[in-house]
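Subject: Handover of a structure and the findings on it

Dear colleague,

My notes on it follow directly after.

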Amino acid sequence: MSFWNDPLKVAADWLMGIFTGWGMPELLAQILIGFLGVFILIALLMVVDILLVWVERKVVARFQDRIGPNRLGPFGLIQPFADIIKLLIKEDITPAGADKVVYNIAPMLSMMSVLILWAVVPLAPTMLGVDLNIGVLYIIAAGAIGTLSIIMGGWSSNNKFALIGAFRQVAVMVSFEIPMLATLLIPTILAGSMGTAAIVEGQSIWYVLLSPLGALIFLVAAIAELGRSPFDMAEGESELVSGYNIEYSGMKFGMFYAGELLHAFTFGGFLAIMFFGGYRFFGLEKVSPFLAIAVLLFKAFIGYWIIMWVKYTLMRIRIDHMLGFNWKFLTPLAFALIIVTGLMNALLADFRTPETMWIYVLGMFLSNLLLGWGALEIARSYSRRERARVEAPKPVVETAHH
Amino acid sequence: MTADQIVFIIVALVTLGAGVMVVTTRNLVHAALWLVATLFGVAVTYALLHANFLAVVQVVVYIGAIAILFIFAVMLTRKDMRDQGPQMNRNWWLGALLAVATFGGLFFLLQGWNGMSKTAAVYPSGFDAVAELGNALTSPAGYVLPFEVASVLLVAALVGAVYVAFNPRNGDSRK
């Protein structure tokens with residue numbers, strides 16, 4: 001058992017030796033090592049978060065045909081640190097009439113709801129915070145706390161725009177939680193477990209091949225859950241100025257902003273874990289846990305890049321369209337997909353041997369394709385009827401014009 | 001006292017304190033937020049009992065859906081968040097009597113129960129509580145009938161809600 005094969009266990013054993021050597025009881029030493037592990041993980045995540053600011057700004061610049069930050073340091077790499085110093089030394093304003101306690105708790109809860117997600121992220125075969133057998137539900141529960149933080153921030157700011165932004169955002173988050181949970185059940189069905197570690201272990205064939213439609217719905221629901229464009233109703237700069245975080249300044253705004261970036265990155269990671277094999281990449285993960293982490297981070301960045309690509313390409317959708325799209329299209333489709341996946345998985349169970357695996361994969365893939373095509377046809381005929389209804393000449397208005 | 005017991009006592013005190021704050025605070029949104037704290041305390045209690053599934057479902061359903069709905073309802077129906085009227089109505093003595101009677105009854109029942117002094121059985125290795133729960137809920141020998149009846153009840157509630165919101169004059173609920 002060397003450091004390169006199982007670094008966490010080696011480090012924990014080493015620390016345990018030191019602590020008990022100081023005469024510390026074993027239980028206390030264990031708790032202390034646990035806290036240290038959490039502390040180190042969060043510290044590393046925050047460093048990644050700082051870099052995400054730079055990544056986001058560079059990528060958006062490219063999409064908008066600009067260069068982006070390029071003055072401070074090589075490629076503008078020092079820019080995010082300057083941003084943070086700016087945020088830290090800014091005046092901390094609490095608006096008059098704000099509910100102080102709630103106002104101050106909201107940004108912390110927002111950041112927390114993202115950080116606790118990493119407890120169930122399997123970084124490498126031996127590196128996992130907790131192997132919860134309900135990992136999938138835990139992700140949704142963390143999202144619930146995020147929703148709460150937004151409504152707290154929006155209400156306590158004592159600002160109409162903030163409140164309207166919070167209402168819209170929460171309406172979107174509560175609605176899109178349902179297709180998200182439904183699509184998260186698809187890897188659960190395929191892997192036979194809700195645990196994230198078991199889901200990654202089960203993906204000798206990436207689940208995106210078995211359920212491309214599931215991956216797509218998950219991506220759409222995740223973007224809505226993140227409140228990013230085209231679902232960035234909470235911000236709506238043109239009508240709401242900035243949405244629920246309008247009154248926040250300095251580092252409190254920074255918490256919301258950093259939380260949003262890390263959230264997007266985290267969901268890029270979950271897209272990889274649930275549908276793109278997590279840390280697995282043609283046996284590379286077996287060589288060293290460090291390579292496994294690199295693979296996962298690489299995939300998470302690709303997922304993050306796709307989310308950014310969508311954000312900076314599409315324009316905002318109206319709120320009623322957004323909710324209609326969710327309740328009338330995405331949610332029924334996600335539920336139909338669960339039924340189809342469950343049925344096909346049971347029907348083709350006999351083909352899950354190495355020789356006939358291709359029949360199983362092809363069957364799952366085609367059933368997904370068929371369902372997606374059928375759903376699109378229904379949506380198309382509905383939109384055709386709706387367009388005809390809207391465009392139909394209205395006699396009263398017509399005569400008034402002539 | 002073991003570490004588990006200390007954690008339990010702290011969690012129980014916080015939960016009870018938050019519960020008292022729900023009914024005593026004047027600001028309705030604060031009451032809803034204290035309710036969130038109470039529900040979260042219950043979730044932590046479940047987690048302490050190794051009922052992970054219940055703990056997470058408690059957070060998803062009660063905090064993620066019901067508490068948010070409460071907050072929405074309060075914000076959409078009230079102009080002023082502060083409650084001005086008296087906090088008790090004239091049936092307070094009946095409520096107090098019921099509370100005391102329930103507490104006394106439970107206390108009396110649990111006096112004769114020998115489970116208090118026992119330590120919880122440890123799960124055998126490889127025991128998957130969630131899988132057991134899922135099997136119990138879907139097997140005919142288990143709880144499949146109550147489970148389905150509960151689903152029918154929820155569907156009935158949904159249909160009822162749609163009926164109440166439905167505007168028969170226009171033929172649909174849209175204006």
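I begin with individual positions. A:Val310 belongs to helix α13 of chain A, which covers residues 289-313. Its contacts, leaving aside residues up to four places away in sequence, are A:Ile223, A:Ser229 and A:Pro230. With A:Ile223, the sequence separation is 87 residues, while the C-alpha atoms are 8.7 Å apart in space. Please bear in mind throughout that this is a predicted model.

As to confidence, chain A has a mean pLDDT of 85, and 97% of its residues reach 70 or more. Within chain A, helix α9 (residues 212-226) has the highest confidence, at 91, and helix α16 (residues 395-401) the lowest, at a mean of 58. Where pLDDT is low, the predicted coordinates should not be read in detail.

The loop between α8 (207-210) and α9 of chain A holds A:Ser211. Is this residue, A:Ser211, buried or exposed? A:Ser211 counts as buried, because its relative accessibility is 0%. Around A:Ser211 are A:Ile186, A:Phe275, A:Leu337 and A:Asn368, all of which it touches, with residues up to four places away in sequence not counted.

Two loop residues of chain A deserve a remark on their backbone. Most residues other than glycine have a negative phi. A:Phe75, although not a glycine, has a positive phi of about 55°. A:Phe75 is placed in the loop between α2 (26-63) and α3 (79-89) of chain A, and A:Phe75 is exposed because its relative accessible area is 63%. A:Asn158 likewise is a residue other than glycine with a positive phi, near 55°. A:Asn158 sits in the loop between α5 and α6 of chain A. Its relative accessibility is 47%, so A:Asn158 counts as partly exposed.

I turn now to the interface of the two chains. Contact between chain A and chain B involves 23 residues of chain A and 23 residues of chain B. The two chains bury about 1,900 Å² between them, and 83% of this lies on carbon and sulfur atoms. On the side of chain A, the residues that lose the most area to chain B are A:Leu148, A:Trp155 and A:Phe167, which together account for 28% of what that side buries.

Which helices of chain A each supply at least two residues of the side that touches chain B? They are α5 (135-156), α6 (160-191) and α15 (357-391). Of the elements of chain A, α5 gives the most to this side, with eleven residues. Sorted by class, the side of chain A that touches chain B has 18 nonpolar, two polar and three charged residues. The count of salt bridges between chain A and chain B is zero, and one residue pair is found in polar contact across their interface.

Finally, two residues of chain B. B:Gln58 is found in helix α3 (residues 52-77) of chain B, and B:Gln58 is buried because its relative accessible area is 8%. Not counting residues up to four places away in sequence, B:Gln58 touches B:Leu39, B:Val42, B:Ala43, B:Tyr46 and B:Ile63. B:Phe147 lies in helix α6 of chain B, residues 144-165. At a relative accessible area of 37%, B:Phe147 is partly exposed. B:Phe147 and B:Val11 are 136 residues apart in sequence, and their C-alpha atoms are 31 Å apart in space.

With kind regards

Conventions: Residues are numbered from 1 along each chain as its sequence is written. Chains are lettered from A and ligands numbered from 1 in the order in which they are written. This is a predicted model: local features need pLDDT of at least 70, side-chain atom pairs count only at pLDDT 80 or more; totals for chains, interfaces and linings use all residues. Side-chain values use heavy atoms; hydrogens and water are left out. pLDDT is the predictor's confidence in each residue, from 0 to 100. Helices (H or I, at least four residues) and strands (E, at least two) are DSSP runs, numbered from the N terminus. Contact means heavy atoms within 4.5 Å. Buried area is the accessible area (1.4 Å probe) that two parts lose on being put together, summed over both. A salt bridge is a side-chain nitrogen of Lys or Arg within 4 Å of a carboxyl oxygen of Asp or Glu. A polar contact is a pair of N or O atoms within 3.5 Å; within protein, one must be able to donate a hydrogen and the other to accept it, and residues adjacent in sequence count only if both atoms are side-chain atoms. Ala, Val, Leu, Ile, Met, Phe, Trp, Tyr, Cys and Pro count as nonpolar, Asp, Glu, Lys and Arg as charged, and the others, Gly among them, as polar. Buried means under 20% relative accessible area, exposed over 50%, partly exposed in between (1.4 Å probe, protein chains only).
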